[in-house]
Amino acid sequence: MQKNLSYIEELQQAITDPLQLLAMLKLEPGPKLLTTSDFPFMVPRPFAARMQKGNQNDPLLCQVLPTIAETQKIQDFSQDPLDEKGSNPMPGLLHKYYGRVLLTLTGSCALNCRFCFRRHFPYQCNNFNSTAILDYIASDPTINEVILSGGEPLLLSDQELVSFSTELEKIPHLKYLRIHTRMPIAIPARITTEFVNWLKNSKLQPIVVIHCNHPQEIDAKVKAAMLRLHCAGITLFNQTVLLKGINDAAETLINLSKQLFSMKVLPYYIHLLDKVEGAAHFAIKKDRALALMQEITARLPGFLVPKLVYEKSGEAAKTRIY
Ligand code: SF4
């Protein structure tokens, strides 16, 4: 029987060479493989284990495999499509929307998704100063929510999360702590007892928003991790990015919503791709996205239909289009 690894062991053993992953999947590299990229290759084994051997169009593989399509320069696709650097008053803190700030406390992810809109973000310059961040939040009483986001916030240890949130809890106008994470999908073992207890006992109301794009990303271990969070009373949502050739089929999206709900996660947003350089080959046209939404709305109860949105730099909120 295979030994259950801790999440730290899983991180240490993540696959960092596309050739190794292709060999595991019994696939040839092929001419479309991109062999060098500034955006590193990183795939934890629990995620890779859900890929189908021998299938070069596997929807999980296609999200992580670098291809030469990334090198195309396409008009309107830029390195910082949401102009986040312009909303970055200090390293590690984004203040784009009223009432909430987003913190990028880590400079990397456990799983590197090729379509990521922050793939060119200068995380390495984060050098975040927690005192400065806490002072910024404390000085603005309109902020009632802190969002921990990507880089992957769950790369911080439970101890680091507890000690940072203990400081956040001292700020009287803060009410909610939201965590945006792909870790339960990448490495479900990251949902440790300590992590669940931290959120359960937080003085801030916790919300966990996972990022899952395809029903095949969900297996028994992912389900068990999410159910542990649900049993601890944590509100759970999912965001999906609409990706060409991966989840742009009504049947796939319907199945995804049902799978999410089976682990008590509500579909929240489905995003049109942010126009980031290197990811244009994943983009779906708005008309196609609207047609998909009509199809899934006709076949699902309303609570399983996510909102179709896109983000535009300078707007006061995400723009809902369905
Ligand atoms: S921030 Fe999210 S989408 Fe981007 S690489 Fe990390 S896990 Fe993937």
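**Exercise 1.** Is the crossing of α5 and α6 left-handed or right-handed? Describe also how the two helices pack.

*Solution.* The model under study is predicted.

Step 1. Helix α5 spans residues 130-138 and helix α6 spans residues 158-169. Their axes lie 10 Å apart, and the packing angle is about 30°.

Step 2. Angles under 35 degrees count as roughly parallel, and α5 and α6 are therefore roughly parallel to each other.

Step 3. The crossing of α5 and α6 is right-handed.

Step 4. On the α5 side, the contact is made by S130, I133, L134 and I137, while α6 contributes F164, E167 and L168. Sorted by class, this contact has five nonpolar residues, one polar and one charged.

**Exercise 2.** Determine which residues line the largest cavity and which elements supply them.

*Solution.* 

Step 1. The largest cavity has a volume of about 50 Å³.

Step 2. The lining of the largest cavity consists of N238, T240, L253, L256, S257, L260, P267, I270 and P306.

Step 3. Two or more lining residues come from each of β6 (235-241), α10 (250-262) and β7 (266-271). The largest share, four residues, belongs to α10.

Step 4. By class, the lining of the largest cavity has six nonpolar and three polar residues, with no charged ones.

**Exercise 3.** Characterise the second largest cavity by volume, lining and residue class.

*Solution.* 

Step 1. The volume of the second largest cavity is about 30 Å³.

Step 2. A69, Q72, I74, F77, G278, A279, A280 and H281 form its lining.

Step 3. In the lining of the second largest cavity, five residues are nonpolar, three are polar and none is charged.

Methods. Residues are numbered from 1 along each chain as its sequence is written. This is a predicted model: local features need pLDDT of at least 70, side-chain atom pairs count only at pLDDT 80 or more; totals for chains, interfaces and linings use all residues. Side-chain values use heavy atoms; hydrogens and water are left out. Axes are lines fitted to C-alpha atoms, for helices over the stretch in contact, and angles run from 0 to 180 degrees between N-to-C directions. Angles under 35 degrees count as roughly parallel, over 145 as roughly antiparallel, 65 to 115 as roughly perpendicular and the rest as oblique. A crossing is left-handed if the near helix is turned anticlockwise from the far one by less than a right angle, and right-handed if clockwise. Contact means heavy atoms within 4.5 Å. Ala, Val, Leu, Ile, Met, Phe, Trp, Tyr, Cys and Pro count as nonpolar, Asp, Glu, Lys and Arg as charged, and the others, Gly among them, as polar. On a 1 Å grid over the protein atoms alone, a cavity is a set of points where a 1.4 Å probe fits but cannot get out, and a pocket is an open set with protein on both sides within 12 Å along at least five of seven lines; lining residues have an atom within 4 Å of a point. Grid points are joined across faces, edges and corners, and a volume is the space filled by probe spheres set on the points.
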